[in-house]
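Student: I would like to learn how to read salt bridges in a model. Where do we begin?

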Amino acid sequence: MSVDQAAAGPRVTTLLRLAVTGGRADLMRIVLTVVGSAAATVVLLTAATVASVGPSDGPYGLEVLNEPGLRPGVMVVLLLLCVPILSFVGQCVRVGAPARDRRLAAFRMAGGTPGDARAIVALETGLAAAAGAVVGAVVYAVLHATLRDPPAFPHPRSEVAFVVNVPGAPNLPTDVLPPWWLFVLACAAVPLGATAASLVALRRITIGPFGVLHRVTHRPPALLPAVVFAIGAGGLILWSSIAQALGLTGEGIGVSGGVALLLFVMAVVGLVFGSAAVAYQIGSWLAPRTGNPALLIASRRMVDAPFTASRASSVVVLAVMLGSAVQGTRANFLTITDPGEPFYRDTFTLLDVGLAVGLGVAVAGLLVIAAEGVIARRRTLASLAASGTPRHVLAGAIMLETVVPLVPAVLVASAAGLFAARGFFGTSGSVQVGIGRHNVSQQVSVPVPWTELLTLVGGTLGAVCLVTAGALVFLRSSTKASELRASA
């Protein structure tokens, strides 16, 4: 290498080779990133397909796809489904991070610049996400070709005014392909977003020749998110009074829907970012009062690293809040509409499937973070084990660290979602009851969907306990005496 080449820095091929070089943890990180990116790409391509449905396409078995005014709602649901998937991708970036940090420090010792080190991380994430986008595009193409059915009508859909329950109609728009530019945009969005997220994550990290320093200011989490959540959730719960006070009752769905959406976003943002404050306050209250060793270790961990716990649970809490809001909305619509009409029932079933997938991805991300937390703290865990702390106590501390702050957050999220739905849509509705030859309007109460809520909350907490227990398989290797020599 000449002097000019050395001054210009390493070549792109060298950075690529360094980006894909590593051990088993690095391979696991790349594989998980590929899987998450592929799932996000399939969802984005599905949303692009729904957006490409035209007036001459269809009809479909899902009535929500036959109505042009309801297709944007389907696309919004699919885009929201990408949130937990992309969060899972972001969490996978931290798998095996200590070993990667040591390699980056060695690279800096050999003469690499901080920009070169950041380029290695960005290239690794971007290449893995790009590979996942290619896999997702292939999976989408295979599913599109496999699930494609012949059209139910021999003539264009534009010749009919309305289609209901067409026998043999496909449920999904497998007769439509998005235009090439939308296809490319959907495939490129995930790797570009993952690369940008990796660069943003490095803004507080200094990669030096003697190690990787995280510039983190240790201060208690702010209570502002709790205030934002209270304003958003309270506004939705008291929506009827607020809409009447602001004169929004006669403004149509546009203005009132926009204000309600703003309040819902405030509630979601406050709940997600307020999870750290919940963990910190619970840990601060428990630490000086408990005599249980596992609970003491867990509570001190919640005080010292509240944002770690919130990073693991925020997406789960968001999925629970959305799920409870959907269940409250379902109870309202199915009460005031004709029970024999399958439109609303099928629509909410589709929403349930999307939420179940999103919640499953969120819980899978929790497993990744819990496992990475055990591996990253192996020196601390080995020190506790060497000083006489039983391994079952450490296992209990890891379980409690995740579950204790998550239980109240999940309960608050489920209650907020339910009350928001009942506050916006009401707790009673008008139905038509046939009396003789006349139909009479009668007010009925909307029941609380206790079964659905208990299933949502209980299933979520059970899944969280199960995946956290799965992360304990790394505890035995992380508490060996040899881990006392680990640098991280």
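Tutor: A salt bridge here is a side-chain nitrogen of Lys or Arg within 4 Å of a carboxyl oxygen of Asp or Glu. Side chains of opposite charge can pair when their charged atoms come close. The model is predicted.

Student: How many salt bridges does the rule give?

Tutor: The count is three salt bridges. In one of them, aspartate 304 pairs with arginine 300, with the closest N and O atoms 3.8 Å apart.

Student: Where do aspartate 304 and arginine 300 lie?

Tutor: Both are in helix H13 (residues 293–304), four residues apart, about one turn of the helix. Aspartate 304 is partly exposed at a relative accessible area of 48%, and arginine 300 is partly exposed at 40%.

Student: Which residue forms a salt bridge with arginine 301?

Tutor: Glutamate 401 does, and the closest N and O atoms are 3.3 Å apart. This pair links distant parts of the chain: glutamate 401 belongs to helix H17 (residues 391–425) and arginine 301 to helix H13, 100 residues apart.

Student: Is glutamate 401 buried or exposed?

Tutor: Buried means under 20% relative accessible area, so glutamate 401, at 10% relative accessibility, counts as buried. Arginine 301, at 23%, counts as partly exposed.

Student: What is the N and O separation between aspartate 352 and arginine 330?

Tutor: In that salt bridge the closest N and O atoms are 1.9 Å apart. The pair links distant parts of the chain, with aspartate 352 in helix H15 (residues 342–376) and arginine 330 in helix H14 (residues 306–336), 22 residues apart. Aspartate 352 is partly exposed at 23% relative accessible area, whereas arginine 330 is buried at 13%.

Key. Residues are numbered from 1 along each chain as its sequence is written. This is a predicted model: local features need pLDDT of at least 70, side-chain atom pairs count only at pLDDT 80 or more; totals for chains, interfaces and linings use all residues. Side-chain values use heavy atoms; hydrogens and water are left out. Helices (H or I, at least four residues) and strands (E, at least two) are DSSP runs, numbered from the N terminus. Buried means under 20% relative accessible area, exposed over 50%, partly exposed in between (1.4 Å probe, protein chains only).
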